[in-house]
Amino acid sequence: MGLKEQYKWFLSKLTIFKWLSAYSKHTFRKDLSAGVTVGVMLIPQGMAYAVLAGLPAIYGLYASLVPLLVYPLFSTSRHLSVGVVAIDMLIVIAGVGLIAEPGTDRYISLVILLGICVGITQIAMSVARLGFIVNLLSKPVIIGFTTAAPLIISFSQFGNLTGIDLLQSQYIYDITVDLVTNWESLHLLTFIIGISGILLLVLSQRLLPAAPEALILVIVASFLVWGGELNQQGVEVVGSIQGGLPSPTIPSFSFDEFRRLIPTILTLALVQFMNVVTLGRTFASKHKYTISPNKELWAIGSANLLGGFFRSIPISGSFSRSAVNEQAGAETPLTNIYAAVLIGLTLLFLTPLFYYVPMPALSAIIIVASLGLIEIQEIRYLFRTKERDGFIALFTFVTILVIGIQEGSCWA
């Protein structure tokens with residue numbers, strides 16, 4: 001393929017020109033409003049999900065910058081909002097945590113490498129035109145997976161929620177036993193902040209559904225910790241965060257580390273693809289347009305690959321933020337770019353404000369967001385319409401809870 005053909009081939013991937021050709025002031029205003037709304041929501045969620053993955057909170061903001069600038073260039077979905085996703089972070093800590101200690105420099109480098117390799121895998125799948133495999137994925141398996149994973153995510157936050165130094169595990173049984181055994185170590189102030197945060201989020205969602213409840217919680221909780229000097233009384237806080245935009249980096253690794261990452265790379269690449277296309281089709285069906293699975297593979301793969309060179313951890317499509325994006329009036333994928341601009345301004349000027357953010361408040365955000373993903377009625381529907389599919393979903397659910405999210409997905 002000559003240079004001219006390569007240039008034309010690359011231009012064919014740039015779907016952004018379809019949006020720009022019909023872009024108007026009216027569309028800009030609606031996209032800008034939706035992008036800022038999602039960006040406000042993404043700041044506390046991104047930080048919380050990075051913590052879920054065993055990373056410093058700042059990496060949730062790094063992942064909300066370059067990938068959000070890249071994805072709209074190639075996307076065919078008008079409403080999908082990308083960024084850090086809770087289920088992905090659980091897969092990350094389950095896989096990379098077997099190779100390096102969470103929170104260490106080695107661990108951070110491997111998570112960044114994971115994102116780059118996931119991106120390469122997804123781009124390769126796009127080139128091979130493997131987008132059709134999404135049609136082969138079993139709906140009952142997907143439902144079983146998305147019901148079990150949020151429970152594991154929620155239990156993984158009990159340590160930060162209670163102030164007890166609990167075992168880092170993806171197994172609910174182990175966490176429960178450790179929690180009961182060490183209950184006398186409960187830190188009351190931490191527990192009060194965490195439970196109050198959960199109640200605030202739940203009540204806000206019911207009484208003020210349009211309010212940025214996660215951001216409100218972070219602001220209120222941080223103010224209380226600062227005013228009452230609660231960090232001096234044992235409440236763990238985010239602490240100092242290095243401001244500024246992420247600098248380019250190439251993570252170092254050994255061949256053995258890469259080899260051990262391969263199962264996690266393949267699992268995450270497939271789970272993200274399944275998630276992006278499922279969400280994309282949901283909104284496309286509602287608004288009467290179509291998406292291309294192969295182009296979505298290219299878009300999310302490019303976002304992961306290029307983002308990884310700027311310290312981004314793996315990103316995917318977010319159900320909650322995509323729903324907010326649509327409700328806020330989004331008309332094109334450019335809302336991701338406007339959200340990224342807000343994140344960039346936050347990194348440049350506002351990181352000192354995050355010092356007093358209490359960890360139990362971030363855990364409350366993770367727990368409420370995760371439990372909101374569980375849809376028991378879906379499993380009930382399967383049992384009513386096709387009992388066999390209901391049992392498949394139930395089998396997947398139990399398998400993932402018993403043997404882990406990564407191994408369970410493969411077995412199911």
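The questions and answers below concern this predicted model.

Q: Which residues of helix 10 are buried?
A: Helix 10 covers residues 172-181. Viewed down the helix axis, its buried residues fall within an arc of 135°, so they line one face of the helix. These buried residues are Ile172, Ile175, Asp178 and Leu179.

Q: Which exposed residues does helix 10 carry on the face turned away from its buried side?
A: The buried side of helix 10 holds Ile172, Ile175, Asp178 and Leu179. The face turned away from that side carries the exposed residues Tyr173, Val180 and Thr181.

Q: Against which helices do the buried residues of helix 10 pack?
A: The residues in question include Ile175 and Leu179. Their packing partners are helix 8 (139-156), helix 9 (158-162) and helix 19 (387-403).

Q: How many salt bridges does a search of the whole structure find?
A: Side chains of opposite charge can pair when their charged atoms come close. One of the pairs is arginine 106 with glutamate 257, and another is aspartate 256 with arginine 259. The count for the whole structure is five.

Q: How many residues apart in sequence are the parts tied together by arginine 106 and glutamate 257?
A: The side chains of arginine 106 and glutamate 257 meet in a salt bridge, at 3.3 Å from N to O. Arginine 106 belongs to helix 7 (residues 105-127) and glutamate 257 to helix 13 (residues 255-286), so the parts tied together are separated in sequence by 151 residues.

Q: Is glutamate 257 buried or exposed?
A: Its salt-bridge partner, arginine 106, counts as partly exposed at 31% relative accessibility. The cut-off for a buried residue is under 20%. Glutamate 257 has 13% relative accessibility, so it counts as buried.

Q: What separates aspartate 256 and arginine 259 in helix 13?
A: The two form a salt bridge in which the closest N and O atoms are 2.5 Å apart. Aspartate 256 is partly exposed at 35%, and arginine 259 is partly exposed at 44%. Because they are three residues apart in helix 13, their separation is about one helical turn.

Q: Which residue meets glutamate 326 in a salt bridge?
A: The N to O distance in this salt bridge is 2.8 Å. Glutamate 326 lies in helix 15 (residues 319-327) and its partner in helix 13, so the pair ties together parts 40 residues apart in sequence.

Q: What is the phi of arginine 129?
A: Most residues other than glycine have a negative phi. Arginine 129 is found in the loop between helix 7 and helix 8 and counts as exposed at 58% relative accessibility. It is not a glycine, yet its phi is positive, at about 55°.

Q: Where does glutamate 229 lie?
A: Glutamate 229 is not a glycine, but it has a positive phi of about 50°. Its place is the loop between helix 12 (213-228) and helix 13.

Key
Residues are numbered from 1 along each chain as its sequence is written. This is a predicted model: local features need pLDDT of at least 70, side-chain atom pairs count only at pLDDT 80 or more; totals for chains, interfaces and linings use all residues. Side-chain values use heavy atoms; hydrogens and water are left out. Buried means under 20% relative accessible area, exposed over 50%, partly exposed in between (1.4 Å probe, protein chains only). Helices (H or I, at least four residues) and strands (E, at least two) are DSSP runs, numbered from the N terminus. The arc is that of the directions from the helix axis to the C-beta atoms. Contact means heavy atoms within 4.5 Å. A salt bridge is a side-chain nitrogen of Lys or Arg within 4 Å of a carboxyl oxygen of Asp or Glu.
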